[in-house]
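Take a look at the sequence and the model, then read on.

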Amino acid sequence: MLIRHLDAQRRHVRGTFAGLTEDQLHRPVLPSGWHCLGLVRHLALADERYWFRCVVAGEPLDCLPEGRDGDWH
């Protein structure tokens, strides 16, 4: 059930960005510097990796790469 839920969420995010150009994916759209690919990276690193590695598996927070939220300030 968890895998199906994650797959559905991933499809939703991919569908949201479908058809955008490379420039549009990298263009900051908020004063924070946020851009579409930054959101994808955040979801992959901060959400999935953090929750499964740190919260569920109990690994220390230093298991995450540096700058995991570096896509916006």
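Let's start with a term: a salt bridge is a side-chain nitrogen of Lys or Arg within 4 Å of a carboxyl oxygen of Asp or Glu. What you're looking at is a predicted model, where local features need pLDDT of at least 70, side-chain atom pairs count only at pLDDT 80 or more, and totals for chains, interfaces and linings use all residues. Residues are numbered from 1 along each chain as its sequence is written, and side-chain values use heavy atoms, with hydrogens and water left out.

**Salt bridges**

By that rule, the count comes to three salt bridges.

| Asp7 | Arg10 | 3.0 Å |

How far apart are Asp7 and Arg10 in helix H1? They're three residues apart, which means about one helical turn separates them. In general, an α-helix has 3.6 residues a turn, so residues three or four places apart point the same way.

How open are these residues? We'll call a residue buried under 20% relative accessible area, exposed over 50%, and partly exposed in between (1.4 Å probe, protein chains only). Asp7 is partly exposed at 31%, and Arg10 is partly exposed too, at 32%. Arg27 has a value of 40%, so it counts as partly exposed. In the remaining pair, Glu59 sits at 30% and Arg53 at 31%, both partly exposed.

**The overall fold**

Zoom out now. The protein chain has three helices and zero strands, and reads α-α-α along the sequence. Helices (H or I, at least four residues) and strands (E, at least two) are DSSP runs, numbered from the N terminus. Of the 73 residues in the chain, 21% are buried.

Helix H1 covers residues 2-17, 16 residues in total. From its first C-alpha to its last, H1 reaches 23 Å, close to the 22 Å expected at 1.5 Å a residue (the expected span is 1.5 Å times one less than the number of residues). Just after H1, Gly19 takes a positive phi of about 90 degrees.

**The largest pocket**

The largest pocket holds about 340 Å³ of space. Which elements give two or more residues to its lining? Those are H1 and H3. Lining residues include Leu6, Arg10, Phe17, Val40, Asp47 and Phe52.

How is a pocket found? On a 1 Å grid over the protein atoms alone, it is an open set of points where a 1.4 Å probe fits, with protein on both sides within 12 Å along at least five of seven lines; lining residues have an atom within 4 Å of a point. Grid points are joined across faces, edges and corners, and the volume is the space filled by probe spheres set on the points.

**A nonpolar patch**

Leu2, Trp51, Phe52, Val55 and Val56 form a nonpolar patch on the surface, with about 480 Å² of accessible area together. Areas come from the Shrake-Rupley method with a 1.4 Å probe. Patch residues have over 30% relative accessible area and no salt bridge, and nonpolar side chains (Val, Leu, Ile, Met, Phe, Trp, Tyr) are joined within 5 Å. Helix H3 (residues 36-56) gives the most, with four residues. Val56 is found in H3 and is exposed, at 63%.

Finally, Leu61 lies in the segment after H3 and is exposed, at 54%. The C-alpha atoms of Leu61 and Tyr50 are 7.8 Å apart, though eleven residues separate them along the chain.

Methods. Patch = residues over 30% accessible without salt bridge, like charges linked within 9 Å, V, L, I, M, F, W, Y side chains within 5 Å.
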